[in-house]
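Visitor: I've got a model open and would like a quick tour. Where shall we begin?

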Amino acid sequence: MSYDQLSHLLNSYTELCQLMNIPLDSQTENEEDRSEVNHNIHKTTLFPYFISFSQGKHLPKAVLYRSGSIHLIENLMLRAIENWCCISFKIIPIDVELIKKDTPRTILYCVAAISIVTTASSSNDSGSTDPVIEDFKKDIAYYFYQQARRYLDEVLFPDDYIQDTEQSVILSIQSHFCLSYVSNLLRLPNEHRTWHYLACHTLESKTPLLSTQEITPRLVECWYRWYYIDAWIALSLERVCLLPDKLPFEMLKPAKCVFKSNSPARIHTSCCAMSKETIYNFVIMTQYMRGFIRIIRAGTLIEFYEKVNKETEAWWDQIVASNSNQIHLALCYHSMRLILVYYLMQTISKHPKMRIDKGLLVTGLDITLEILQLLNELKAMQCDQSTYYYMFFAIHKTLLYILHHIKSNREFSHLKSFAQQLSAMNLYILEGTNGYKHNIYAMKAMGQNMENDLKAYSVLEYSVRDHNQHTMHVFRKLDPKKGKRKRVSA
């Protein structure tokens, strides 16, 4: 969606609240009841006009003014707190207590934008959404994002500024984190890249200004989180890591780690909030990830992949053996491995004396199955999956690559059915996510492109949207005599 346009025009603030299921306060009702212009405001009427920002037109001033009102923001903050398990992972290391009291306006508006887009319709289990309403929510989220940018100066240059303190540095870093996430949520790639750079620059430039005593666990937590984000962006988008591989302080062992999970009572049946152990393990995983990035950039992926991968798998076996519930860590670990397998297959394909073997194809299929099962588990926990939107397309590309090699080599033909069923499963899980229903990250267009590809590979012989039964057991066609696999519903 282009943000050179606003999707819809509303007559009143009441219509805005009705669209988002926000209860009206008595003051708003009394004010608008007295207005002759808005005498029919309780009838929610949408006008699908497309208004160009370049023409100097916006939502009505009253709607924009009230969009920043305490009433609306408080309700969106309440939603965020109720869904803190899901939202906290997106903006770690921000603590829920910061959202409850004395929240900088940049962070406040960022959380409001995330809340309105990712949680506003989470209670709608029917699977049907109004595209008019969903586009409008993104318009308001973009308005909140603009407000967040506008108030950044309050964090960077506070009125009582004398010198950098631990508190001011952390709020500055956290504000850049939030702006980076929201710009990515709203599909603003250039702005996302800018905020990512500024977040890394702030971390590196501000930390040396503090004394050793001022490098508190909160600042360490900021480093831990962005150390991973920086590496993941470098790996997945083929960029250069902006933060150094070596952290500017000694890492804390899990037993001494001071991070805590302050997830409040939630509407979910289970909690996927990040524990201090999980955050620490993310740092360890990132060190392995950065090792892979170094050999990729050095052009030695084929030579050193087995060595680094063996060390990484040995570490992961220890995590699995601990029986700790770290679903986000598991998803990110397997996502990293899938991208590495894809890179390795591409590199081998370009090598004149090498060929992709069965073991690598099976590894790619197994990793894919792990990711899809974990995404399904998140859904069963009623947790937001939108953070992993990119993996649906990454899985799709990897499986198409595998299907291409299976098609060109009869030796791998027995893997064809498994790869096809995983491809269909990936599409079905994508179309079952709230992110797809609400069209976050333009996921519907991505889903349509994926469906077209699968039809071209004869994986789908019908349109998913025309299919009455939207639940599929991916392994239902496997011959029971050849062994059973765990059945996963999409």
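Visitor: How are α13 and α15 oriented, roughly parallel or roughly antiparallel to each other?

Guide: First, a caveat: this is a predicted model, with local features needing pLDDT of at least 70 and side-chain atom pairs counting only at pLDDT 80 or more, while totals for chains, interfaces and linings use all residues. Residues are numbered from 1 along each chain as its sequence is written, and side-chain values use heavy atoms, leaving out hydrogens and water. The axes of α13 (residues 276–297) and α15 come within 10 Å and cross at roughly 5°, the axes being lines fitted to C-alpha atoms over the stretch in contact, with angles running from 0 to 180 degrees between N-to-C directions. Angles under 35 degrees count as roughly parallel and over 145 as roughly antiparallel, so α13 and α15 are roughly parallel.

Visitor: Which residues of α15 make the contact with α13?

Guide: Contact here means heavy atoms within 4.5 Å. From α13 come Thr278, Asn281, Phe282, Met285, Met289, Phe292 and Ile296. Facing them on α15 are His328, Leu329, Cys332, Tyr333, Met336, Leu340 and Tyr343.

Visitor: Is Arg187 exposed or partly exposed?

Guide: Arg187 sits in the loop between α10 (166–185) and α11 (189–206), helices being DSSP runs of H or I, at least four residues, numbered from the N terminus. Its C-alpha is 8.6 Å from that of Ile440, 253 residues apart along the chain. Relative accessibility is 39%, so Arg187 counts as partly exposed.

Visitor: What is the phi of Glu238, which is not a glycine?

Guide: Most residues other than glycine have a negative phi. Glu238, in the loop between α12 (217–237) and α13, has a positive phi although it is not a glycine. The value is about 55°.

Visitor: And what is omega for the cis peptide bond at Pro93?

Guide: Most peptide bonds are trans. Pro93 lies in the loop between α5 (84–91) and α6 (96–100). The bond joining Ile92 and Pro93 is cis, with omega about 20°.

Conventions: Helices (H or I, at least four residues) and strands (E, at least two) are DSSP runs, numbered from the N terminus. Buried means under 20% relative accessible area, exposed over 50%, partly exposed in between (1.4 Å probe, protein chains only). Angles under 35 degrees count as roughly parallel, over 145 as roughly antiparallel, 65 to 115 as roughly perpendicular and the rest as oblique.
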